[in-house]
Amino acid sequence: MTVDAQNLAGAVPAETRSLPPLLGTPRRRAVYVSVVTLLAAVFTMPFTGGRSLWQDESVSVMLARLDWSSFADTITEREGNMSLHSLLLRGWVSLGSDEVTVRVLSVLLALLVVPVFYLLVVRLLGTRVALVAAPLLVVNGIFVQYAQEARGYVLLLLIV
């Protein structure tokens with residue numbers, strides 16, 4: 001049994017065959033997404049401590065530092081909309097409650113968003129679109145701003 005070029009080409013999805021050689025293999029695309037994720041860290045991390053916490057961020061930190069009983073009461077009665085973020089932040093503030101430490105949680109969540117977003121776009125629109133969309137997400141001003149805030153917006157994006 002002989003293998004010809006047409007049969008080999010048929011085994012690879014047409015979309016992958018049309019990609020430039022630099023990004024033609026899954027491993028190279030994974031490296032690409034990793035580089036884009038590192039780029040997200042470069043855009044978001046240096047500016048997390050440049051300003052003091054604003055009112056909503058301060059409320060998030062204050063809520064996270066409450067005792068368990070008060071925390072549970074507040075989450076169930078008044079602040080249920082960001083309860084998962086508040087719970088994560090509750091564990092995170094044990095590392096510190098200064099501006100940088102509190103905001104790093106959102107930066108880390110934003111770094112998780114990038115590969116998840118890439119995979120979602122691959123599934124919905126294809127690899128070529130995802131290769132363009134991921135870096136566009138990273139340089140989006142609103143994404144960068146929310147990645148630098150100690151609020152649950154980036155966690156919401158990750159979950160959605």
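## Helices and the loop at Ser52

Helices here are DSSP runs of H or I with at least four residues, numbered from the N terminus. By that numbering, Ser52 sits in the loop between α3 and α4. The model is predicted.

Ser52 has a relative accessible area of 51%; because the cut-off for exposed is over 50%, Ser52 counts as exposed. Apart from neighbours within four places in sequence, Ser52 is in contact with Glu57, Glu99 and Arg103. Val100 is 48 residues from Ser52 in sequence, and the two C-alpha atoms are 9.2 Å apart in space.

## Overall make-up

The chain contains ten helices and zero strands, so its pattern along the sequence reads α-α-α-α-α-α-α-α-α-α. It has 160 residues, and 38% of them count as buried.

Contacts between residues at least 6 apart in sequence can be split by separation: 67% of them join residues at least 24 apart.

## Helix α3

Helix α3 covers residues 26-44. Its 19 residues reach 27 Å from the first C-alpha to the last, close to the 27 Å expected at 1.5 Å a residue. Arg29, Val33, Val36, Thr37, Ala40 and Thr44 are the buried residues listed for α3. Viewed down the axis of α3, the buried residues fall within an arc of 100°, so they line one face of the helix. An α-helix has 3.6 residues a turn, so residues three or four places apart point the same way.

The other side of α3 carries exposed residues, namely Arg27, Leu38 and Val42.

## Nonpolar surface patch

Which residues make the nonpolar surface patch? They are Leu39, Val42, Phe43, Val132, Leu136 and Val139, and the patch has an area of about 510 Å². Two helices, α3 and α8 (127-139), each supply at least two residues of the patch.

Leu136 is located in helix α8. Its relative accessible area is 54%, so Leu136 is exposed by the cut-off of over 50%.

## Helix α5

In helix α5, residues 68-77, the buried residues are Phe71, Thr74 and Ile75. Down the axis of α5 these buried residues fall within an arc of 95°, so they line one face of the helix. They pack against two other helices, α4 (55-64) and α6 (83-92).

Exposed residues Thr76 and Glu77 are carried on the face of α5 turned away from its buried side.

## Leu157 in helix α10

Leu157 is part of helix α10, which covers residues 153-159. Is Leu157 buried, exposed or partly exposed? Its relative accessibility is 41%, and because this value lies between the cut-offs of 20% and 50%, Leu157 counts as partly exposed.

With neighbours within four places in sequence left aside, Leu157 is in contact with Val113 and Phe143. Ala110 is 47 residues away from Leu157 along the chain, with 8.5 Å between their C-alpha atoms.

Methods. Residues are numbered from 1 along each chain as its sequence is written. This is a predicted model: local features need pLDDT of at least 70, side-chain atom pairs count only at pLDDT 80 or more; totals for chains, interfaces and linings use all residues. Side-chain values use heavy atoms; hydrogens and water are left out. Patches are made of residues with over 30% relative accessible area and no salt bridge: like charges are joined within 9 Å, nonpolar side chains (Val, Leu, Ile, Met, Phe, Trp, Tyr) within 5 Å. Accessible areas come from the Shrake-Rupley method with a 1.4 Å probe; for residues, only the protein chains shown count as cover. A salt bridge is a side-chain nitrogen of Lys or Arg within 4 Å of a carboxyl oxygen of Asp or Glu. Buried means under 20% relative accessible area, exposed over 50%, partly exposed in between (1.4 Å probe, protein chains only). The expected span of a helix is 1.5 Å times one less than its number of residues. The arc is that of the directions from the helix axis to the C-beta atoms. Contact means heavy atoms within 4.5 Å.
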